[in-house]
Amino acid sequence: YAIPELRKRGGGAFVNTSSTAALSPRQGLVWYNGSKGAVNTITKGMAVELAADNIRVNAIARSWGNPDAGGEVTPEKREMFLNTIPLGRLSKQLDIANAALFLASDEASMITGVCVEVDGGRCI
């Protein structure tokens, strides 16, 4: 529904939500990993299809940042996950929001079809 409106306006930007699970799949999450992989492929496909209309399409691959998400999280499980993040901390909502604001802004006018990893270096 948004595409015709963006075409009328002469362009715009989509920012899709993905996950580092698409780039580094985790055991026991095959369907989640696959669905986020689909988000990345759809992002690239839309970027190619909509570029001529000056509509950019990007995605953010975020890592786990909410210590209350995904069921019961033990202190040991949290520490184990933190040890996989080179920057040594979980993502904050503001980290994700800032990346989205940048990708949607005019400052990112030459960026389309990418998936930005906001993960503290976890996927390196």
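A residue counts as buried when its relative accessible area is under 20%, as exposed when it is over 50%, and as partly exposed in between (1.4 Å probe, protein chains only). Glu 5, for instance, is partly exposed, with a relative accessible area of 34%. This is a predicted model, in which local features need pLDDT of at least 70, side-chain atom pairs count only at pLDDT 80 or more, and totals for chains, interfaces and linings use all residues. Residues are numbered from 1 along each chain as its sequence is written, and side-chain values use heavy atoms, with hydrogens and water left out.

Begin with the helices. Helices (H or I, at least four residues) and strands (E, at least two) are DSSP runs, numbered from the N terminus. The expected span of a helix is 1.5 Å times one less than its number of residues. Take helix α2, residues 30-50. With 21 residues at 1.5 Å a residue, α2 should span 30 Å. Its end C-alpha atoms are 30 Å apart, which agrees.

Which residues of α2 are buried? They are Asn 33, Lys 36, Val 39, Asn 40, Thr 43, Ala 47 and Leu 50. Look down the axis of α2: these buried residues fall within an arc of 145 degrees, so they line one face of the helix. The arc is that of the directions from the helix axis to the C-beta atoms. An α-helix has 3.6 residues a turn, so residues three or four places apart point the same way. The face of α2 turned away from the buried side carries exposed residues: Val 30, Trp 31, Thr 41, Val 48 and Glu 49.

What do the buried residues of α2 pack against? Their partners are α1 (2-9), β1, β2 and β3. Contact here means heavy atoms within 4.5 Å. Zoom in on Asn 33, which lies in α2. Asn 33 is buried, with a relative accessible area of 9%. Not counting residues up to four places away in sequence, Asn 33 touches Ala 21, Ala 22, Pro 25 and Arg 26.

Now move to helix α4, residues 93-104. At 1.5 Å a residue, its twelve residues should span 16 Å. The end C-alpha atoms of α4 are 17 Å apart, which agrees. Inside α4, Ile 96, Ala 99 and Leu 103 are buried. Seen down the axis of α4, the buried residues fall within an arc of 65 degrees, so they line one face of the helix. On the other side of α4, Gln 93, Leu 94 and Leu 101 are exposed. The buried residues of α4 pack against β1 (12-19), β2 (55-62) and β3 (115-118).

Loops hold buried residues too, as Gly 65 shows. Gly 65 lies in the loop between β2 and α3 (75-82). Its relative accessible area is 14%, so Gly 65 counts as buried. Leaving aside neighbours within four places in sequence, Gly 65 is in contact with Leu 90 and Ser 91. Gly 65 and Ser 35 are 30 residues apart in sequence and 19 Å apart in space, C-alpha to C-alpha.

Next come the charged side chains. Side chains of opposite charge can pair when their charged atoms come close. A salt bridge is a side-chain nitrogen of Lys or Arg within 4 Å of a carboxyl oxygen of Asp or Glu. How many salt bridges are there by this rule? The count comes to four.

Return to Glu 5. Its side chain meets that of Lys 8 in a salt bridge (3.7 Å, N to O). Glu 5 and Lys 8 are three residues apart in helix α1, so about one helical turn separates them. Lys 8 is exposed, at 67% relative accessibility. Glu 5, Lys 8 and Arg 9 are linked in a network of salt bridges.

Another salt bridge joins Arg 7 and Asp 53 (2.8 Å, N to O). Arg 7 lies in helix α1 and Asp 53 in the loop between α2 and β2, so the pair ties together parts that are 46 residues apart in sequence. Arg 7 is partly exposed at 43% relative accessibility, and Asp 53 is partly exposed at 25%. Arg 89 and Asp 95 also meet in a salt bridge (2.9 Å, N to O). Arg 89 is partly exposed at 37%, as is Asp 95 at 22%.

Finish with the cysteines. A disulfide is a pair of cysteine sulfur atoms within 2.5 Å. The structure holds zero disulfides. Cys 115 is in no disulfide, and the nearest cysteine sulfur, that of Cys 123, is 8.9 Å away. Cys 115 is partly exposed at 23% relative accessibility, and Cys 123 is partly exposed at 22%.
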